[in-house]
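Let's take a walk through this protein together. Have a look at the picture first, and then we'll go through it piece by piece.

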Amino acid sequence: MHPEVLAMLRVAVVASPPVSMFNLAIPELLFNKVEIDTQPGYEVVICAPEPGSVSTTGTLDLHIPHGLEAMRDADTVIVAGTGRPLSPDPRVLRALREVADRGVRIASICTGAFSLAEAGLLKGRKATTYWAHADELRRRHPDIEVQGDVLYAQDGQFLTSSGYAAGIDLCLHVIRTDYGAAVANEVARLALVAPVRPGGQTQFTHTPLPPERGTVCADTRGWAMRNLDKPLTLTDLARHARVSVRTLTRRFHAESGVSPLQWLLHQRIERAKELLETTTLPMDQVAGACGLGTADSLRAHMVRRTGLTPSAYRVQFSRLGTGTDTVTSSVA
């Protein structure tokens, strides 16, 4: 979905009791931060099989006034995780099938994937869920290609994410699809979360998070983001963090799930996407601004990551003329 004429998009979030409050909060938090020319990019509506008081997986109940009819006019439907994933409400399954038949984009967070599966929407498709439930999803639905070690997966109109914070990655991916990488990354900055991460990144690492809960290397990551146009090395990153290369690598992987250089390459490609979408800079300047060196290097990385050449990516995802700020002669 890539609207040529800006119109507010409707997102319906399905809350099946007992719903995960964290799952439920993610779409509202992120989609409501999208503004295009000072206008909201999304309308978010929370709905439930039975409007009114809805139990959660915690100690609180929620009041949700909207029923599943809110799904009918939605551009995107997101099914939040529930504490009873193995017995989804038949009314939710019927509603999901109806909107799927209209080609609506349907996503799930955490155990919400079981509702999509029970509705028959994921048959023969790639999908994921929280890693602790992946084997059960695989056992119940052997016709689904369950990818138990990724953050999120997309197969056609259907998207599924793993647990907890991976729902953030999925929503940012949706925003990037609708409005471009620059908008998605601005939302990430406003929400104080990581920029858009690739869905193929693993859900978890075997190295536990440090007591600081992922903030030890935050200053170095921020510094690297401000210096993506420079040929940064592991030594440069370690020097900034004032630790050895070995210590940096260990801490970085514990916090982000990837090595420093993998993280750096991902940020360079994301910056390249932003520039391709929002500027008319020549390819060699795009490559230089994001630290990928040459136009040939930019092309190789873009094809490997997106399946598109930089020129094809620009044609498909350019935001020029759709209301977003653009740069034509220099990198802002």
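**From cysteines to sheet**

Start with Cys 110: its relative accessible area is 11%, so this residue is buried. Cys 217 is buried too, at 2% relative accessibility. Keep in mind that this is a predicted model. A disulfide is a covalent bond between the sulfur atoms of two cysteines. Counting sulfur pairs within 2.5 Å, we end up with zero disulfides here.

Now for the inside. In soluble globular proteins, nonpolar side chains tend to be buried together. The largest nonpolar core here has 39 residues, and Leu 24, Leu 30, Phe 31, Val 34, Tyr 42 and Ile 175 are the ones touching the most other members. At least two residues come from each of β1, α1, β4, α5 and α6, with α5 giving the largest share, eight residues. Zoom in on Tyr 42 and you'll find contacts that include Met 8, Phe 31, Val 174 and Tyr 179. Apart from this core lies another one of 31 residues, with Leu 93 and Phe 114 among them.

Next, the sheet. Six strands line up as β4-β1-β7-β8-β12-β11, making an open sheet with mixed pairing. β4 and β11 sit at the edges with a single partner strand each, so one side of each has no neighbour in the sheet. On average, neighbouring strands are turned by 15 degrees against each other, direction ignored.

Technical notes:
Residues are numbered from 1 along each chain as its sequence is written. This is a predicted model: local features need pLDDT of at least 70, side-chain atom pairs count only at pLDDT 80 or more; totals for chains, interfaces and linings use all residues. Side-chain values use heavy atoms; hydrogens and water are left out. Buried means under 20% relative accessible area, exposed over 50%, partly exposed in between (1.4 Å probe, protein chains only). A nonpolar core is a set of buried Ala, Val, Leu, Ile, Met, Phe, Trp, Tyr and Cys residues joined through side-chain atoms within 4.5 Å. Helices (H or I, at least four residues) and strands (E, at least two) are DSSP runs, numbered from the N terminus. Contact means heavy atoms within 4.5 Å. Two strands pair if DSSP finds at least two bridges between them. Axes are lines fitted to C-alpha atoms, for helices over the stretch in contact, and angles run from 0 to 180 degrees between N-to-C directions. Lists of a residue's contacts leave out its neighbours within four places in sequence.
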